[in-house]
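Have the model open while you read.

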There are 2 protein chains.
Amino acid sequence: MDLHALTPKTEIQRRIDKIHRTMTDAGMPAMLVTSNANIYYTTGRVINGYVYIPVGADPIYFVRRPVGIDSPDVIYIHKPEQIIELLAERGFELPEAMGFEMGSLDVMSYQRLTNAFHSIKPLNASSVLRTARSVKTDFELDMLRRSGIKHERVYRRIPHLYEDGMSDIELQIEIERVSRLEGCLGQFRIAGESMELFMSNILAGDNADAPTPYDFAMGGAGLDPSIPVGANGTVIKPGMTVMVDSNGNFTGYMTDMTRVFSLGEIDDIARKAHQCSIDICRVLEKEGKPGTPASHLYELAMSIVADRGLGHYFMGHTQKAGFIGHGVGIEINELPVIAPRSRDVLATGNVIALEPKFVIPHAGAVGVENTYIVTDHGLECITGAPEEIISLN
Amino acid sequence: MDLHALTPKTEIQRRIDKIHRTMTDAGMPAMLVTSNANIYYTTGRVINGYVYIPVGADPIYFVRRPVGIDSPDVIYIHKPEQIIELLAERGFELPEAMGFEMGSLDVMSYQRLTNAFHSIKPLNASSVLRTARSVKTDFELDMLRRSGIKHERVYRRIPHLYEDGMSDIELQIEIERVSRLEGCLGQFRIAGESMELFMSNILAGDNADAPTPYDFAMGGAGLDPSIPVGANGTVIKPGMTVMVDSNGNFTGYMTDMTRVFSLGEIDDIARKAHQCSIDICRVLEKEGKPGTPASHLYELAMSIVADRGLGHYFMGHTQKAGFIGHGVGIEINELPVIAPRSRDVLATGNVIALEPKFVIPHAGAVGVENTYIVTDHGLECITGAPEEIISLN
């Protein structure tokens, strides 16, 4: 087996160069990558092991599993305690300080690693990696565009999946089936151990107003208290909106998209709020350029919402979310964060999902979500399904 | 909203009593529960927050989200730094030492918590909680039995889902659809951030021999290097076995079951190995009693395999797994672990999945997996679908 699987070595080199620059800025002479998301980013595949990245040299891949990878960069190990000795054998001088993924690594694993590297000062590599990953390479943008195309294809099939009398969860099951038949991998990554979510979140009627413990834009009571998010078995009835928010992971890189469907006539205020969401997207698409503070996009959205008197419903009703957008890529919650106190500033190659949404009592959730590439001329939308509310009848 | 949702308060009390006893044995005067799995266990729902458990008193639930839980045990907070002061206000004396979930808590969150509780000695609560959870209450056993009944119903439908020319992933999509229509929640929990898996793992033909980075019993190359496990698009052909290993999470508590299907005539050695797996289950069902060392079950299985000359294929071929079973419940990988160096000893109320499996080159994976409750009289099987290899034609 090749080390880098489907990702060319030149692409891996480009990512490592970017990490090297971010490490240099942060004064970090070396790091040890441990999370699956960052191992995939720095390897192009998932290994059980560690990627050692020293500034100014190529990474070394310390692998426990799978067996059978042929590469001079790979050293098979049984335990992390072997790493120091193996680096010395290869002529590497040990760094004075080393970055660990403190944002994802569990305490026991961390203590074991820092014991093994006891003379080395531990630094936090999580934000260095998040920053490096927030600016996508052309290869990654291509992966994202390909996900967007397939994701759009799924949305176009949704109206044909509805049958009279269906519940939210029954519709969700058919959507996820079609999505996987189109090539969706059926799993995706979220940063943070406590975040749990389905491939798609379907909110029909007042279930959209059920608060969730998770830090997502919208809630839903879920089917069971063990995973309280999303569809709760609501039978779709006339006057309800059905919001379909789904993660389009077709390539290892996912787009995030939301569209709204409806049955029968829906409340006028729901239509107005939906149009407001579309209008916010149009304005932010022009304003979102390299150099724009993420907080500015948030404030702009809030001012449009306030102008239209819809603040009461914006980003939830009983419980409100504190952001209107987020980076996407290998994980669903990457940088930059589009929130009032975000210090992130948009850069060319960022990929962000914008989701200005509303919860209207008795109708349900409305609003769209699109995934965008930040370009020098504004935001390029890569989730092109029609945005108007589509009737399920 | 009630704090405990569908779980009666008496049941929560029973679990807390068990945790109190395990804490006392471990010399731990208090703990702070942070992972979703253990929050669900100690609350009966998922909250974004912290469950503070002092020995000899009721827990206090510090909640950030969701809004709207009415209970005298709930205190809403914005940040964990408020906890100490709020405990003092309630008249709680601060403990000298406190347990944290070091096996799952990320380093940054841990450092923040231990800074907030800076005068308190941190202890590791992970194994205390794993031990307490490994012995199920009657309520939990009922949840598991209910999952087993629905799980079995899904397996009985599988032969009817196959259509000529299907690939492994196409069959998987139909199985997961039927499973969710039967009430499967579509998500499940795995301990350990680096473990990633689909609701079901379908291995057809030689894909069963593709090594995976994950610590599962069987592998599979997967559809994409970003999540290299399971079905890889293999078209099911005569002579192949199709192993269906799925997680039956219908109630928040899951059963784990594997059955094998086949197309056309399969190799004689595959049939023999499959029978060997069934025979191992029959022997272990009798031998597995309270007091039996988990390692003894492993050795017994190995000796049966060796007697039949099948060691070369047991628990993988190109890459081998080092265990034949594991506890199940809220997570798919609980205690006890059925492995050669396991120090676990079976106890009444343990729930274990046994999966003595084989990979036969050119045929594929064979063997069964059942979930069992450890009773005084041996193992009670709660995954009752027929065990023989079932033809898809």
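1. A polar contact here is a pair of N or O atoms within 3.5 Å; within protein, one must be able to donate a hydrogen and the other to accept it, and residues adjacent in sequence count only if both atoms are side-chain atoms. Keep in mind that this is a predicted model. Between chain B and chain A the count comes to 25 residue pairs in polar contact, both at pLDDT 80 or more.

2. Which elements of chain B supply two or more residues to the side that touches chain A? They are α2 (36-43), α4 (107-116) and α7 (168-181) of chain B. Of these, α7(B) gives the most, with nine residues. Sorted by class, that side of chain B has 27 nonpolar, 18 polar and 13 charged residues.

3. On overall extent, 58 residues of chain B are in contact with 58 residues of chain A. The area buried between chain B and chain A is about 4800 Å², and carbon and sulfur atoms give 58% of that.

4. Now the charged pairs: the rule finds six salt bridges across the interface of chain B and chain A. Among them is Glu196(B) with Arg189(A), whose closest N and O atoms are 2.6 Å apart.

5. Last, have a look at Glu182(B), which sits in the loop between α7 and β7 (200-204) of chain B. Is Glu182(B) buried or exposed? Its relative accessible area is 16%, so Glu182(B) counts as buried, the cut-off being under 20%. Leaving aside neighbours within four places in sequence, Glu182(B) is in contact with Lys150(B), Arg153(B), Val154(B), Arg157(B) and Phe250(B).

Notes:
Residues are numbered from 1 along each chain as its sequence is written. Chains are lettered from A and ligands numbered from 1 in the order in which they are written. This is a predicted model: local features need pLDDT of at least 70, side-chain atom pairs count only at pLDDT 80 or more; totals for chains, interfaces and linings use all residues. Side-chain values use heavy atoms; hydrogens and water are left out. Contact means heavy atoms within 4.5 Å. Buried area is the accessible area (1.4 Å probe) that two parts lose on being put together, summed over both. A salt bridge is a side-chain nitrogen of Lys or Arg within 4 Å of a carboxyl oxygen of Asp or Glu. Helices (H or I, at least four residues) and strands (E, at least two) are DSSP runs, numbered from the N terminus. Ala, Val, Leu, Ile, Met, Phe, Trp, Tyr, Cys and Pro count as nonpolar, Asp, Glu, Lys and Arg as charged, and the others, Gly among them, as polar. Buried means under 20% relative accessible area, exposed over 50%, partly exposed in between (1.4 Å probe, protein chains only).
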